[in-house]
Amino acid sequence: MTQSVSKSLMACVDNEMTLIWGSSHFSANACLAPICSLHHVAVTTVEGIGSTKSRLHPVQERIAKSHGSQCGFCTPGIVMSMYTLLRNQPEPTIEEIEDAFQGNLCRCTGYRPILQGFRTFARVSGGDEVSLICSLSQQITLSPSLFNPEEFTPLDPTQEPIFPPELLVGDAPRRGERVTWIQASTLQELLDLKAQDPEAKLVVGNTEIGEIKHGRGCVSKCFLNCEGNRCFSVHVFPGISFGASCPLSFVEKTLLDAVTNLPAHQTEVFKGVLEQLRWFAGKQVKSVAVSPCSGALKAEVMGPFVTRQISRNLSLVLQGEYFSAFKQASRREDDIAKVTSGMRVLFNPGTAQVKELALCYGGMHDRTVSALKTTRKQISNFWNEELLQNVCAGLAEELSLAPDAPGGMVEFRRTLTLSFFFKFYLTVLQKLGIQNSKDVSEVPKGQCEEDMVGRPLPHLAAAMQASGEAVYCDDIPRYENELSLRLVTSTRAHAKIKSIDTSEAQKVPGFVCFISADDVPGSNITGIGNDEMVFAKDKVTCIGHIIGAVVTDTREHAQRAAQAVRITYEDLPAIITIEDAIAKDSFYEPELKIEKGNLTKGFSEADNIVSGELYIGGQEHFYLETHCTIAVPKGEAGEMELFVSTQNTTKTQSFVANMLGVPANRILVRVKRMGGGFGGKETRSTVVSTAVALAAYKTGRPVRCMLDRDEDMLITGGRHPFLARYKVGFMKTGRVVALKVEHYSNAGNTLDLSQSIMERALFHMDNCYNIPNIRGTGRMCKTNLPSNTAFRGFGGPQGMFIAEHWMSEVAVTCGLPAEEVRRKNMYKEGDLTHFNQKLEGFTLSRCWEECLASSQYHARKREVDKFNEENCWKKRGLSVLPTKFGISFTAGALVHVYTDGSVLLTHGGTEMGQGLHTKMVQVASRTLKIPTSKIYISETSTNTVPNTSPTAASVSTDLNGQAVYEACQTILKRLEPFKKKNPSGSWEDWVTAYLDAVSLSATGTPNLGYSFETNSGNPFHYFSYGVACSEVEIDCLTGDHKNLRTDIVMDVGSSLNPAIDIGQVEGAFVQGLGLFTLEELHYSPEGSLHTRGPSTYKIPAFGSIPSEFRVSLLRDCPNKKAIYASKAVGEPPLFLAASIFFAIKDAIHAARAGNPDCKTKKLFQLNSPATPEKIRNACVDQFTRLV
């Protein structure tokens, strides 16, 4: 949940609050704010500002009604960030609104609806329609077809709570079980206390304190804190000097005031520091962080020239003095920099002759370094090309890095030192001398107002999610005798277990027991392929392999006890990468193959043949709610009730029953909602739920476990990395005649769903192209990494990405426009795919033409070419890509009609933010012809709809919707006699006469089946189609890129709910944007995951989305094979984000072609994701040659 503190606190992604400190309001992360530091502070959580039971706060109402809440787990944090801003600034600017969310993350929405809804709080002048352009250059038009801003409750600042007077009390030390916290009132008191206890840890906005709970570092016995009275000072004289404990938010405000009030020429340094502060961290971190010498600010602020500059007369800036600061990170905002730099030059009066030069860098050593040798040689030189060459040569020599330097990226970091100076050089030389429209399908004329199908009905739970009332698994109140569980996992990738010592763990207060394979009463064998164990026995096969678990009275004690368990190993050889597996022939069976045509003949007839290799990195699900299970034993006949955050209630039920040795009917699994899933909770949730169930069985008491983020990322696996080796034959015209692709995926230490994922990758290896002679093979690599699993797209994005890679190489080799080559090879209505399925209702051609037209592709292509001709170090790229995504699966539903006319609806799908429950209510409403207000969905459980398929593969609306429809039709048939007797009666009259509840279990998508042996049968029920056009701009010197614009045309059939469908398209696209350009998993050679949290693994943030983001739903394209002519929408749009990747590649082509000094090949390899490091290294130039 999110809290607001007058200083405002926001909890670790999902928990945020507003803090009130005197009359100031701050947002802060609860995970970074020790509870004792809140002395003298009023904390307001999301529950404290509004409620569905009384009145929603305007902030809560607007995010709900503007469709800005999907899974809802991040919603409280976002609400409190906005609430804090409005407490401080009731009429904020657009830029202030965007800055307020830099510390917030959302994995579902794509961010656009959140910004769109909250921009209604911004100051506007004139006009009825709100059209605003923000600091991110995003032009947004609020679409009345999705929501009506006039319906929003106006903000009344006079109704907000005041600071509680009772908090104005004295200080006293606070003592916990192991720690004493002392809050000093004055600097002298702090020094005296430190002298008495030199080992005490000084805490002044120390954001690393929150890391202690994860066991990273020893726990200090005493903390000394001086935040309550803020022992800081600001001295204003001919410069500004900040005391040691000024929070960064205060530094930022002070510098902003100075920039506003002082002449522009006097504030160069201030502007440089402010620019870095802007991207350094979100408001929540800056509210508590005080050290200006860490992370991205290290070089900019700690450089000697900066310290001197801030503390001396600002008027000296007038005398030919210039300053710039630079930072390069994987993600622009709220990310740890790879390299930072602060640069300053002072010229002799009236000349371009250097008097002083200072170049400081962070990220090139274990401390900030100054390039003193290089800069001293430049004194008295003139600011010209010769100086540039001398400085670059000097920096390349002086700032060297060993090949095995910590942090890696050696070539990239060394190149950045030169690129930063070149940007500074150009900056000094210079000083010396849009619309987000939503094309929404309309409901047919004459459709009843109560028929909500096709209307943008807000997510049914949005208001509860915005007010903090929505209940997730861990929100369920603790049982009276409940215990907590913590997993004990392997620290070796492949090893024999020699011994397990729990003696130290047993000494932890509240310790109850340690469970392992020896405690399993049923079978320890589990998993989709029966190749896993509930607990590792004798041997571990990956780091993170579950060996056992400790059970204690509290979560904190469980964590301590788990860390105290000592395990000894005997190491065995480990296989980590795909290349390792290929070299050692380590694969799961079977090898998959699809073949059609005559490959030999095709290649012999081709004018050109291109072959190569492509790597696609994996991806972490990063659902905001980590895996969570509560197991409650019922005490008789082996009955047990489990509350689980899972997409797959049936497998959870069967795996637990198998482990306990009881029939499945003794196990009840319930799911209210999930805080995101994306496939990660389809099978891997069972590794937690089975362990928790065993603990509940052994102790006879309720047991709970919710994984920490680092645990979750370590244990549960993610999207499969792929390696492809391809050979493509084509004619001079660009027509592809032959294709051979070998696909390899890193499956991990168990098979899980890897075979099905590889099958889908092979089914999508053609993407949208008709290739007469084709062969695709797939091997699942058996490695010593945690098992990879389902992820939105399920292998499809990897297969299609490989296709678009070789297709782009075909276009470059032929010297033809890429869009022309793609169109030339595209399928047509009635064609057979490479797996011999006939394409019916093929709307891709319409999507393609509409996207080219709406994006003004050809006109913008000319503009991009012109931009690239006029700019040397910035290049733009433009790419348009299609997608074809196959849909399959089954489902069921149960409907109860009560005598008061209300309807309780249950179906086999689980709600994880995709709006599935909302759509099911819309289907039932239309079928029964009653208002949606009469229909309620409580939860998904195995005792209402048995044997369900997992909520996955984007088809839950199709299948569960069809099941709901059929169940409702059965009810209507049974009510027909009563309607005939009383034709003028109401719904309530008819159901009063009919007293029996009606149930039905139904299935969908029949007649599917495909054989790899014969290449026959239909693996898919139908296909979803879409096209995206994206434009980017890259910085050739740093590898940074901006997503300028994306246009999407998506065929979703006849949309059941356009607001939810557009949200799904945007959310999937932004998740794909992360896959192809941002998110990168790093493992050690020993198989240890380095990227275990948001500090090292970066998902897209608010600033990552395209500046112009336009989504259109294709009109008049009903789907005859799904409920109410709709189509699946959750997964198909994800691949369209590859248009960003190939636009980046297009821009790199322009950079390489525009560099006459570099003899470069037209074809070059760019693996996914296209990170700044890869982009910069691909833009070969004189600077890359120097390193």
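## Cysteines

Counting a disulfide as two cysteine sulfur atoms within 2.5 Å, we get zero disulfides here. Keep in mind that this is a predicted model, where local features need pLDDT of at least 70, side-chain atom pairs count only at pLDDT 80 or more, and totals for chains, interfaces and linings use all residues. Residues are numbered from 1 along each chain as its sequence is written, and side-chain values use heavy atoms, with hydrogens and water left out.

What is the closest cysteine sulfur to that of C628? It belongs to C473, but at 3.4 Å that is too far for a bond. C628 is buried, with a relative accessible area of 0%; C513 is buried too, at 10%. (Buried means under 20% relative accessible area, exposed over 50%, partly exposed in between, using a 1.4 Å probe and protein chains only.)

## Aromatic pairs

The whole structure holds 31 aromatic pairs. Rings of Phe, Tyr and Trp (its six-membered ring) pair if their centres lie within 6.5 Å; planes under 30 degrees apart are stacked, over 60 edge-to-face, and the rest tilted. One of them is Y111 with F1102, tilted at 45° with centres 4.3 Å apart, and both residues are buried.

F1069 and F1109 make another tilted pair, at 5.4 Å and 50°. F1069 sits in helix α29 (residues 1058-1077) and F1109 in strand β44 (residues 1108-1113), so this pair ties together parts 40 residues apart in sequence. Helices (H or I, at least four residues) and strands (E, at least two) are DSSP runs, numbered from the N terminus.

Ring pairs also link Y322, F347, W383, F421, F422, F424, Y425, W873 and F1183 into a cluster.
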